[in-house]
Amino acid sequence: LINYEIDADGRGKVTYDGTADFRFADLEKGFTVDRVYLKAVYEPGTELMNQAFMYRMIKEPYYNKLNYVAANAGGAYSSDVTFERATTEAKVGDTDSILRGVARLRQPYVRQDVTTDLKWEEDTGLGVNHDLSNPDMASAYTNKDKTTYIKIDVTNTEEIPFSLTLSARQNKVDYYLVEAYGSNFAAGGARTENDGSRSESMATLDNYNYLVDGESNVTDGWHDPVYKDREGSRGFVLFGTLNQIMEQATRCYNGEMDLTGFMSYASLAVFVDINLKKSAGTAPGLLESMPMAQKIVDAAGAAQAAHLAGDDTYWNVERNCAQLTYHQLQGYIIDS
């Protein structure tokens with residue numbers, strides 16, 4: 001360590017010459033405080049304001065609902081994610097990566113890009129069958145020729161959490177952290193990659209898993225439909241609905257609401273959204289809605305019992321509630 005200085009306010013500055021061992025304890029010399037925090041280490045010759053470095057995702061999407069009604073009655077859904085002011089960069093000639101800080105956004109917003117699900121407007125019973133296809137991946141993620149823009153305000157911190165507000169009438173969802181300083185949220189420069197470039201677990205799902213020419217039945221297994229159209233097919237409607245009813249079922253099991261209150265979230269229309277069947281394999285009717293709701297509460301109770309016994313397979317520790325996949329919940333209902 002060389003050029004060690006302490007100013008009148010007790011602030012210290014040192015320069016490391018790169019030859020001797022660097023010890024953080026040396027930084028405490030001459031300070032009157034008990035603890036010194038290292039805020040940043042700068043690498044000589046490295047551009048500190050490189051705008052090409054993107055913020056990175058550190059919390060993958062968690063889907064939920066913002067109200068209790070079903071998709072066909074105006075259901076509102078959410079996807080919570082968190083980004084941080086850092087990026088990973090591969091070392092030259094090495095397979096490992098290093099973590100780098102990136103230039104701070106001066107005026108950040110999130111630009112949410114959505115395309116409309118035209119299939120909602122079909123009604124063969126009324127003779128309405130326009131046979132229009134939904135925008136494809138190129139339109140949604142590259143060309144942006146059928147996109148609606150939504151602005152989301154965020155706080156300019158090291159970690160930036162935010163929530164996308166979604167509707168079942170929206171098909172594909174893309175979003176960016178953008179720099180709006182000197183521009184606006186729609187035209188500002190993107191500081192995150194687009195959603196179509198993210199890996200499967202980090203990407204935002206479509207509303208439903210439609211059979212789409214050129215997108216379905218591909219080798220990654222991501223776009224392969226399992227159920228017909230909207231009947232519980234993989235998408236943010238399914239995931240958000242499942243997470244909400246398991247959160248509320250946990251509350252009901254613990255006495256925070258009664259079964260009638262829980263049935264506001266677990267209605268027959270909601271069961272259709274997630275393709276939930278009774279033990280016989282058919283959709284429940286009106287008289288069976290309460291027993292079905294009770295089985296969901298019992299499933300939450302079983303998940304909580306496993307959690308208390310040390311098994312968090314069916315438990316969301318961060319949110320302190322049961323979290324089951326469709327097949328786990330459906331299997332419990334059939335077995336019980």
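**Figure 1. Elements covering the buried residues of helix α6 in the predicted model.** Both α2 and α5 (289-308) are among the elements that cover the buried residues of α6. Which residues of helix α6 (residues 326-335) are buried? Tyr-326, Leu-329, Gln-330 and Ile-333 are buried in this helix. They lie on the same side of α6, because they cover an arc of only 95° around the axis. An α-helix has 3.6 residues a turn, so residues three or four places apart point the same way. On the other side of α6, His-327 and Asp-335 are exposed.

**Figure 2. Helix α2 and the residue Gly-255 that follows.** Helix α2 (236-253) has 18 residues, of which 15 are buried, and the helix is thus mostly covered. How far apart are the end C-alpha atoms of α2? They are 25 Å apart, which agrees with the span of 26 Å that 18 residues should have at 1.5 Å a residue. After α2 comes Gly-255, which has a positive phi, near 80°.

Figure 3. Is Asn-194 buried or exposed? Its relative accessibility is 13%, so Asn-194 counts as buried, the cut-off being under 20%. The side chain of Asn-194 makes a polar contact with the side chain of Ser-197, at 2.5 Å. When residues up to four places away in sequence are not counted, Asn-194 touches Tyr-141, Asp-174, Tyr-175 and Tyr-176.

**Figure 4. Gly-214, an exposed residue in the loop between β11 and α2.** Gly-214 is placed in the loop between β11 and α2. With a relative accessible area of 75%, Gly-214 is exposed, because the cut-off for this class is over 50%. Gly-214 and Met-137 stand 77 residues apart in sequence, and their C-alpha atoms are 9.4 Å apart in space.

**Figure 5. The buried cysteines Cys-252 and Cys-321.** Cys-252 has a relative accessibility of 12% and therefore counts as buried. Cys-321 likewise counts as buried, at 3% relative accessibility. A disulfide is a covalent bond between the sulfur atoms of two cysteines. How many disulfides does the structure hold? The number of disulfides in the structure is zero.

Conventions:
Residues numbered from 1 in each chain as written. Predicted model: local features only at pLDDT ≥ 70, side-chain atom pairs only at ≥ 80, totals over all residues. Heavy atoms only, no water. Helix = DSSP H or I, 4+ residues; strand = E, 2+ residues; numbered from the N terminus. Buried < 20%, exposed > 50% of the residue type's maximum accessible area, 1.4 Å probe, protein only. Polar contact = N/O pair within 3.5 Å; in protein donor to acceptor, adjacent residues only side chain to side chain. Contact = heavy atoms within 4.5 Å. Expected span 1.5 Å × (residues − 1). Disulfide = S-S within 2.5 Å. Arc of directions from axis to C-beta.
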